[in-house]
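Subject: Structure for your review

Dear colleague,

Please find below the structure that I am handing over to you. My notes on what was found in it follow directly after.

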Amino acid sequence: MSQEVITTSEPRWYVLHTYSGYENMVKENLVMVFKKNNLTERLFDITIPMEDVVEEKANGKTKIVQRKKFPSYVMIKMIYDNSMWHIITNTRGVTGFVGPLGRPLPLTPEEVKRMRLETEVREINFVVGDRVKVTDGALEGFVGVVDAIDMASSSCKVNVSMFGRETKVDLALNQVEKILE
């Protein structure tokens, strides 16, 4: 393996493999490690992608729960160079980078979009009280009424009718579209 220094001036997304169940601890530890080593200006985001899943209980009731999309993986957006490899891989709970020979390989823009690591800024054509259809995710195809919109987090709360009951769910703005009547 060559010892060339890999440096990027733009922040890129990388994937870290962790011990099972350690994802949240790794996220907290990485923030502390970046602060301790005065590298906070190189750290832009650390995320554990989650998804809503409809779970059916033994008593016939349904519940929406959040699950990790990629168990044992943490996504980190940073400006990377080889001097950071040991700092990150020696963080408690991290088993290594995802990439050839355990070396970091940044995600492509298509992968970032597909994994929804960054939200697209777009115009929305609905307001609170509008009927919308869920276009993506576990609730794709469900119809509901917009209860609240949070532009800062690019999300909205929608009352969805599921199995004869109204259930309030959090969705990304790009997961719903207004039903034109």
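The buried residues of helix α1 pack against β1, β2, β4 (62-68), β5, α2 and β6. The model is a predicted one, in which local features need pLDDT of at least 70 and side-chain atom pairs count only at pLDDT 80 or more, while totals for chains, interfaces and linings use all residues. Residues are numbered from 1 along each chain as its sequence is written, and side-chain values use heavy atoms, with hydrogens and water left out.

In these notes, helices (H or I, at least four residues) and strands (E, at least two) are DSSP runs numbered from the N terminus. Buried stands for under 20% relative accessible area, exposed for over 50%, and partly exposed for values in between (1.4 Å probe, protein chains only). Contact, touching and packing refer to heavy atoms within 4.5 Å.

Helix α1

α1 has 14 residues and spans 20 Å from its first C-alpha to its last, close to the 20 Å expected at 1.5 Å a residue; the expected span is 1.5 Å times one less than the number of residues. Its buried residues are E23, V26, N29, L30, V33 and F34. Viewed down the axis of α1, these buried residues fall within an arc of 135°, so they line one face of the helix. The arc is taken from the directions from the helix axis to the C-beta atoms. The face turned away from the buried side of α1 carries the exposed residues E28, M32, K35 and K36. After α1 comes N38, with a positive phi near 55°.

The nonpolar cores

A nonpolar core is here a set of buried Ala, Val, Leu, Ile, Met, Phe, Trp, Tyr and Cys residues joined through side-chain atoms within 4.5 Å. The largest such core has 18 residues, of which L30, F34, I76, M78, I88 and F97 touch the most other members. Two or more residues of this core come from each of β1 (12-18), α1 (23-36), β2 (43-47), β5 (73-78), α2 and β6 (94-97). A second, separate core holds 13 residues, including F126, V160, L171 and L173.

I76 belongs to strand β5 and is buried, with a relative accessible area of 0%. Leaving out residues up to four places away in sequence, I76 touches R12, W13, Y14, L16, L30, F34, L43, D45 and I46. Between the C-alpha atoms of I76 and L173, which are 97 residues apart along the chain, the separation is 23 Å.

Aromatic pairs

How many aromatic pairs does a search of the whole structure find? The search finds four. Rings of Phe, Tyr and Trp (its six-membered ring) count as a pair if their centres lie within 6.5 Å; planes under 30 degrees apart are stacked, over 60 edge-to-face, and the rest tilted.

The ring centres of Y14 and Y80 are 5.6 Å apart and their planes stand at 50°, so this pair is tilted. It links distant parts of the chain, with Y14 in strand β1 and Y80 in the loop between β5 and α2, 66 residues apart. The ring centres of Y80 and F97 are 5.8 Å apart with planes at 70°, so that pair is edge-to-face. Because Y80 lies in the loop between β5 and α2 and F97 in strand β6, the pair ties together parts 17 residues apart in sequence. Y14 and Y80 are both buried, and Y80 and F97 are likewise both buried.

Apart from residues up to four places away in sequence, F97 touches Y14, V15, L16, M78, Y80, W85, I88, T89, G102, R103 and P104.

T89

T89 sits in helix α2 (residues 85-89) and is buried, at 14% relative accessible area. Its side chain reaches the backbone oxygen of W85 at 2.8 Å, a polar contact being a pair of N or O atoms within 3.5 Å; within protein, one must be able to donate a hydrogen and the other to accept it, and residues adjacent in sequence count only if both atoms are side-chain atoms. Beyond its neighbours within four places in sequence, T89 is in contact with V94, G96 and F97.

Residues with positive phi

Most residues other than glycine have a negative phi. S72, which is not glycine, has a positive phi near 75°. S72 is found in the loop between β4 and β5 and counts as buried at 12% relative accessibility. L101 also is not a glycine and has a positive phi of about 55°. L101 lies in the loop between β6 and α3 (109-114) and is exposed, with a relative accessible area of 73%.

Yours sincerely
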